[in-house]
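The following note concerns the salt bridges and the nonpolar cores of the structure shown below.

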Amino acid sequence: MDRAPAAATDGAPDAATAPPPPVPVRPGLRTRAAAWAAGALLAVPAAVAGCRALDADGVTPLPQLLSFLPWLTVPAGLGLLLAAVARRRGLAFLAVLVLAGTAWASLPYTPPLAVTYGDPVARIRVIASNVEYGQGTGSLIDLALREKPQLLYVSECDPACGRALAAALSRQLPHRVSVDAEGSSGSVILSAYPLRDRSAVPAAMGMPGATAQIAGRAVRLQLAHPLPPVPGQVGLWKSELARLRAAVEARPAGETLLLAGDFNASQDHAAFRALSSGRMLLDAARATGSSRAPTWPAEGPLPPYVQIDHVLTTPDLTAVATRFLPVPGSDHRAVLADLDLQDER
């Protein structure tokens, strides 16, 4: 009797021991995950761009995130891409609005319209520099000797820093007004012009001021260095910027003003923009087309991403050129501005 041929296995796995087939991921699960990820990516750009549009700084973490505003177009763009992957029309439309709003808010600030005066009567070079607890003092001395400013505004300049600057620059900048304090609280203005009416705006860190006589004109000099808007002291940051604004608005009508330093605020912060809302002040960087040039942090793993060091002037001081220069030892770039003092016609 013939036997039935045995089934050929040819190495095929037995049905009892074969691995189970992979469970397919449902398309609905993928789209839901993409939609949730898109929403998470869009939340921060939407909140920050909303603050910018509403002319408000909000509460922590929004004042801190406003410093990153131009960079938030990246998560907004990724959010739009994921919304398209998720095939959610409403979410995609919202993502387009968020990306457009963030990109609009991130555009460079255009130079403001300002009425200038007559012919220039003096060219003034000013440098504003934060030397980070005095660590960049030597580099700043080299910079001042090379660039020969008539005015030098120095933040975080302790007494040792002040003595070093005075000794090295005594011929070039013989006049000074300062707040002598240790650490970040010390500040000094060095001037080629005689100074009078020395004073200081009350603040946790030194903000000295004085009046210089330049080409027969009284020019008020004021250094700015309010507290940074770190979590827990946003209210103090706003109040110190408000004191600077009060000092600006309290000056006599028509007085020329040169306000410079480390403002710990960018032009994307409403508290900073409020400084110029009462009596118009012009930002030298904005007036010369450099409103997005970053000044901080100038050391560390990240490249500089925000401009918090500024030179602000009344319209009778016209910015001719602005440069941002490294100060080795400091985490800030220095701002150098060439200004023309106009006559009073």
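1. A salt bridge is taken here as a side-chain nitrogen of Lys or Arg within 4 Å of a carboxyl oxygen of Asp or Glu. Salt bridges link Arg-125, Arg-146, Glu-147, Arg-323 and Asp-338 in a network.

2. The model is predicted: local features need pLDDT of at least 70, side-chain atom pairs count only at pLDDT 80 or more, and totals for chains, interfaces and linings use all residues. Residues are numbered from 1 along each chain as its sequence is written, and side-chain values use heavy atoms, with hydrogens and water left out.

3. Twelve salt bridges are found in the whole structure. One of them joins the side chains of Asp-340 and Arg-123 (2.4 Å, N to O). Asp-340 lies in strand β12 and Arg-123 in strand β1, 217 residues apart (strands are DSSP E runs of at least two residues, helices H or I runs of at least four, numbered from the N terminus). Asp-340 is buried at 12% relative accessible area, whereas Arg-123 is partly exposed at 48% (buried, under 20%; exposed, over 50%; partly exposed, in between; 1.4 Å probe, protein chains only).

4. Arg-217 and Asp-316 also form a salt bridge, with the closest N and O atoms 3.0 Å apart. Arg-217 is in strand β7 and Asp-316 in the loop between β10 and β11, so the pair ties together parts 99 residues apart in sequence. Arg-217 is buried at 8%, and Asp-316 is buried at 5%.

5. The largest nonpolar core has 28 residues, of which Tyr-153, Leu-221, Leu-258 and Val-311 touch the most other members (a core is a set of buried Ala, Val, Leu, Ile, Met, Phe, Trp, Tyr and Cys residues joined through side-chain atoms within 4.5 Å). Apart from this core lies another, of 19 residues, including Ile-127 and Cys-161.
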